[in-house]
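I opened a structure I had never seen before and kept notes as I went. Here is what I looked up, entry by entry.

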Amino acid sequence: MDSTATQLPAEWRDFFALTKPRVMSLVVFTALCGLLAAPGSINPVLGFTAILCIAMGAGGAGALNQWWEADIDAGMKRTSRRPLPQGKMERQSARDFGVGLSFASVLLMGLAVNWLSAVILAASIVYYAVIYTIWLKPRTPQNIVIGGGAGAFPPLIGWVAVTGEITLMPVLLFAIIFMWTPPHFWALALFVKTDYAKVGIPMMPVVAGEATTRRHILVYCLLLLPLSAAPWWIGGTGPVYGISALVLSGAFLLLSLPVAFRSRSGDDDGMKPEKRLFAFSVLYLFALFAALVADRIIWGQGISI
Amino acid sequence: MSLTPEEEKEIRRRQRSRNTVLALVLVGFVVLFYFITIARIGGQ
């Protein structure tokens, strides 16, 4: 089976799978929200192009991540069915595909939209593929905090695609996703931690222990509460966003409490609070950014795309 | 390592579907670049 698998040319679906389509859906959504919430207007074709470039850049970075981590992915249940561990394509093909997508996305962004957003897009790809994947992820249990920076770029880039300048608001959007990522991912890491231990990635629960990870989750959820409402306090949004942010972050914090303060290991109840926190974290980000756009539409401040 | 007719057929099928997808992507970019050009000219 393996010998025939390497002889056969890869299917286009295998290349598509390299772009991490599920991660990309969150990337596209937050980028689109950043673009829609930004003051000013952008030609719809150029707005579409900006989102396409952000998606292509994220896909390229995802492919480079899988090129570099093929051996690690093979050792974990969650990732073992990706194209490279399955032997569905040559490793170099994934690298070339990733490099090609990355360059194309940055060039297109610069030529079609503006060069500031292209430069930030390039920085985000290098940040994810090199600084995070290659350098820091295998070296520090703070890897998720660092990786969160990569996921925080899309709304910032979407915003800058419209305005052409970096202001406090898009930086706050960046900070919100940055703060959201650790509790989001550590909740997941708590219930798949055995996998990470096996492949030698120093995830927080493996290296520093569960108790530390649970405390960290709580701290980030606490910090997220005022931070998520900050766009309202600085006058960047109206109360529709502000109150949504407080309610959503409050619920996120409440759900993190049973995760933070339980003494049992959680093996006996199937890690239910952790799984609930993880599921809510995805909903949280979608709802928060939807509220941001809804706020902008209701207050009629710039939705003239 | 000679290929069986089945393998030969499967290889051709995969190559054809990859070429089709690549053609669609390229045509899509041609159309997109056309509209980007129109938008950029109109915006000046």
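Leaving aside its neighbours within four places in sequence, which residues is Leu190(A) in contact with? I found Pro205(A), Glu210(A), Thr213(A), Arg214(A), Ile217(A), Val259(A), Met271(A) and Glu274(A). Contact here means heavy atoms within 4.5 Å.

**Ground rules.** I am reading a predicted model, where local features need pLDDT of at least 70 and side-chain atom pairs count only at pLDDT 80 or more, while totals for chains, interfaces and linings use all residues; side-chain values use heavy atoms, with hydrogens and water left out. Residues are numbered from 1 along each chain as its sequence is written, and chains are lettered from A and ligands numbered from 1 in the order in which they are written.

**More on Leu190(A).** I placed Leu190(A) in helix α10 of chain A. Helices are DSSP runs (H or I, at least four residues), strands likewise (E, at least two), and both are numbered from the N terminus. Leu190(A) has 1% relative accessibility, so I count it as buried. The cut-offs I use are under 20% relative accessible area for buried, over 50% for exposed and partly exposed in between, with a 1.4 Å probe and protein chains only. I also checked Ile131(A): it is 59 residues from Leu190(A) in sequence and 24 Å from it in space, C-alpha to C-alpha.

**The two chains.** Chain A has 15 helices and zero strands. Its radius of gyration is 20 Å, close to the 19 Å that the globule rule gives for 305 residues, so chain A is as compact as a globular protein of that length. That radius is taken over C-alpha atoms, and the rule is 2.2 Å times the number of residues to the power 0.38. The C-alpha atoms of chain A fill a box of roughly 60 × 50 × 25 Å along the principal axes. Of its 305 residues, 54% are buried. I also looked at contacts in chain A between residues at least 6 apart in sequence, and 73% of them join residues at least 24 apart.

Chain B has one helix and zero strands. Its C-alpha trace spans about 60 × 15 × 5 Å along its principal axes. Buried residues make up 14% of its 44 residues.

**Helix α3 and Gly34(A).** Helix α3 of chain A covers residues 21-37, and Gly34(A) lies in it. The 17 residues of α3(A) should span 24 Å at 1.5 Å a residue, and the end C-alpha atoms are 24 Å apart, which agrees. The expected span is 1.5 Å times one less than the number of residues. Gly34(A) is buried at a relative accessible area of 0%. Beyond its neighbours within four places in sequence, I see Gly34(A) in contact with Pro155(A), Gly158(A), Trp159(A) and Leu173(A). Other buried residues of α3(A) include Met24(A), Leu26(A) and Cys33(A). The cover over the buried residues of α3(A) includes α4, α9, α10 and α15 of chain A.

**Helix α9.** Is α9(A) enclosed or open? Largely enclosed by the rest of the structure, because 10 of its 11 residues are buried. Among them are Phe153(A), Ile157(A) and Trp159(A). Just after α9(A), Gly164(A) takes a positive phi of about 75 degrees.

**Around α2.** Leu18(A) is in helix α2 of chain A, and I count Leu18(A) as buried at a relative accessible area of 0%. Not counting residues up to four places away in sequence, Leu18(A) touches several residues, including Gly59(A), Pro83(A), Met89(A) and Phe97(A). In the loop between α2 and α3 of chain A I found Lys20(A). Lys20(A) is not a glycine, yet its phi is positive, about 55 degrees. Lys20(A) counts as buried at 14% relative accessibility.

**The second largest pocket.** A pocket, on a 1 Å grid over the protein atoms alone, is an open set of points where a 1.4 Å probe fits, with protein on both sides within 12 Å along at least five of seven lines; lining residues have an atom within 4 Å of a point. The second largest pocket is lined by 24 residues, and Phe97(A), Leu101(A), Val21(B), Leu22(B) and Val25(B) lie nearest its centre. The elements giving two or more residues to this lining are α2, α4 and α6 of chain A together with α1 of chain B. The largest share, 10 residues, comes from α1(B).
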